[in-house]
Amino acid sequence: KERYIKLWEQIANEFKDYGQPLIFESFNEMLDKNSTWNSSTSEAHQTINKYNADFVATVRKTGGKNAYRNLILNTYAASATGSAITDFKLPDDTVEGHLMAEVHSYAPYRFAFETDSPQTTFDAACEAEVKGIIDGLNTNLVSKGIPVVLGEYGTDSQKRAESEAAKQAKCYVSNATKYNIPCFYWMALSDGEDRANLKWTKPKIKDAVLQAYESNKKE
């Protein structure tokens, strides 16, 4: 805890005069001592809540533009499902409306990654699973006044047809934008390219994301 607070004191002081496009994120996919993914124990989830509270308090104390900067708080393991979501709580803050939750989601797992029985097509069952995850975020977070950002989603589409990966991307964005949840596609996972190379290497995925967003915006 002491090392974590000291770390954020230094980061926050370094950037406290930067403008509001800069957003701080508490941590990335923090796990318990057993490296348990998805959900852990209630104690582990409450520990995550405490780290998030330390993060917010530490950043705010540094003053400057950090006094009202937007801050992102990860759930346990950045999980988008289960008790990791239901146990998540926003900490107290000195300003109102400047905290949001972040989750990551690679669903369905057998579609997103290589397993002993991989799923190569994004079918109706896959769509239903993703929709259920997004609806759960709305039920447990968004509808309770907690803004959510989907900081990672996607698939290892180097081993999936790009047209199938595009269906997954469209499904995430179509459902998430209904609840004003912004989505960040994990491009390096899908194409393995150096991100210093500033170009879209998966145009079908890009088009699917934009079309889903534009379609929902019109609705």
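Modeller: Two strands pair if DSSP finds at least two bridges between them; helices (H or I, at least four residues) and strands (E, at least two) are DSSP runs, numbered from the N terminus. The model is predicted: local features need pLDDT of at least 70, side-chain atom pairs count only at pLDDT 80 or more, and totals for chains, interfaces and linings use all residues. Residues are numbered from 1 along each chain as its sequence is written, and side-chain values use heavy atoms, with hydrogens and water left out.

Biologist: What makes E3 and strand E4 (residues 148-153) a pair?

Modeller: Five bridges join E3 to E4, and at least two are required, so the two strands pair. They run parallel, and Val-103 stands opposite Leu-150 in E4.

Biologist: Why is strand E3 (residues 99-105) called mostly covered?

Modeller: Buried means under 20% relative accessible area (exposed is over 50%, partly exposed in between; 1.4 Å probe, protein chains only). Seven of the seven residues of E3 are buried. Leu-99, Ala-101, Val-103 and Ser-105 point one way, and Met-100, Glu-102 and His-104 the other.

Biologist: Which residues cover the two sides of E2?

Modeller: Leu-71 and Leu-73 lie on one side and Ile-72 and Asn-74 on the other, and all are buried.
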